[in-house]
Amino acid sequence: MLREYNTKMLIDKNTREELNRLFYLLKLQDRFANSSLDKQVKIEQIIAYLEIVHAELRNTSRKRKLVFVDCGAGNCYLSFLIYYFYHKIESRELEIHCVDINEKLMQANQKLAQEMNFRDIYFHAMDITEFSIAKKIDMVYSLHACDTATDKTMYLGIKNNVKIILSVSCCQHSISIQPQLLKSMVRYKSFRDKLLMFVADSLRALLLERHNYKVDIFDFVSSRYTEKNTMVRAIKTEFRKQIDEREEYRKLSREFNTKPYLEKLLLEEEPGY
Ligand SMILES: C[S@@+](CC[C@H](N)C(=O)[O-])C[C@H]1O[C@@H](n2cnc3c(N)ncnc32)[C@H](O)[C@@H]1O
């Protein structure tokens, strides 16, 4: 057993047991709820992610159908879980659009969704920047979307004025830093990766704040389940800004001599940004 359940958790023990049916259909577990360690780890990640989603949505109006976009969806385990949870357990109207450049994966997901009779989940084999929809989007999210896909997820959210943007980044290949002062620190891979993530996500957070998103950054799941466990949660809302985000962005970007891809995307939209 990897995780203790208690009543404070939004996904309680009974709900967790109901989810076993889905995990069996997704081949993440066998009939007796057993699975390999890597699959258990995936299950823990997606349940923890679902809890963050549900924390934002549980008190919102149930009158309107919700629209979500999963960016860099891959095998769509997270979206299948969110879909199942809201449709089968919460009885809530919801449609999900999964976007991924991998055409074969999207075809396989489409087939699986048909087999499970999941009707309101759609698969788009394309780059995130190509995705558009003539509907109000309630939430965009990504889990371990690689490289610039995290920036593209945030950009999609900002561009469409989406209330909730959730993102857990993966590799940070599009950004590099060579801080002279921290040379002795960044020769350790673990520290280098962490510092890259701190810098990249802090810069992204400042850009999101500039667009009136209140940003929180926290570990969404224990590092036992993944080292890539940092979630950026951005909610479009009115709030008192604590810092001058433009100035802080300039300083941080200059200090580390780097810029996230999100800045480039925003610049293309609004020259002189
Ligand atoms: C590491 S996988 C994560 C998949 C899934 N979200 C998960 O957590 O299991 C990253 C996925 O992002 C997709 N991806 C990367 N860049 C993308 C882009 N620009 N547009 C759409 N999908 C992209 C890849 O094809 C891959 O399936």
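Me: How many helices and strands are there in the protein?

Reply: There are 9 helices and 7 strands, where helices (H or I, at least four residues) and strands (E, at least two) are DSSP runs numbered from the N terminus. This is a predicted model, in which local features need pLDDT of at least 70 and side-chain atom pairs count only at pLDDT 80 or more, while totals for chains, interfaces and linings use all residues. Residues are numbered from 1 along each chain as its sequence is written.

Me: Why is strand β7 called largely enclosed by the rest of the structure?

Reply: A residue is buried if 20 or more other C-beta atoms lie within 10 Å of its own, exposed if 12 or fewer, and partly exposed in between, with C-beta atoms placed from the backbone. In β7 (residues 230-236), 5 of the 7 residues are buried, so the strand is largely enclosed by the rest of the structure. In the protein, 36% of the 273 residues count as buried.

Me: How do you know which strands pair with β7?

Reply: Two strands pair if DSSP finds at least two bridges between them. Strand β5 (residues 164-169) and β7 have 5 bridges in the antiparallel sense, with L166 standing opposite R233. β6 and β7 have 7 bridges, also in the antiparallel sense, and there the bridge partner of D219 is T230 in β7.

Me: Why is K63 called exposed, and where is it?

Reply: K63 has 6 other C-beta atoms within 10 Å and therefore counts as exposed. K63 belongs to the loop between α2 (37-57) and β1 (66-71), and its C-alpha atom is separated by 8.5 Å from that of E93, 30 residues apart along the chain.

Me: What makes N212 and N257 stand out in their phi values, and is each exposed or partly exposed?

Reply: Most residues other than glycine have a negative phi. N212, which is not a glycine, has a positive phi of about 65°, and phi of N257 is near 50°, a positive value in a residue other than glycine. N212 lies in the loop between α7 (189-210) and β6 (213-219) and, with 15 other C-beta atoms within 10 Å, is partly exposed. N257 is found in the loop between α8 (245-256) and α9 (261-269) and is exposed, with 10 such atoms within 10 Å.

Me: What makes a set of residues a nonpolar core, and which members touch the most others in the largest one?

Reply: A nonpolar core is a set of buried Ala, Val, Leu, Ile, Met, Phe, Trp, Tyr and Cys residues joined through C-beta atoms within 7 Å. The largest has 71 residues, of which Y49, C71, L81, I82 and V140 touch the most other members; its largest share, 9 residues, comes from α3. Not counting residues up to four places away in sequence, L81 touches L22, I46 and L50.

Conventions. Contact = placed C-beta atoms within 7 Å.
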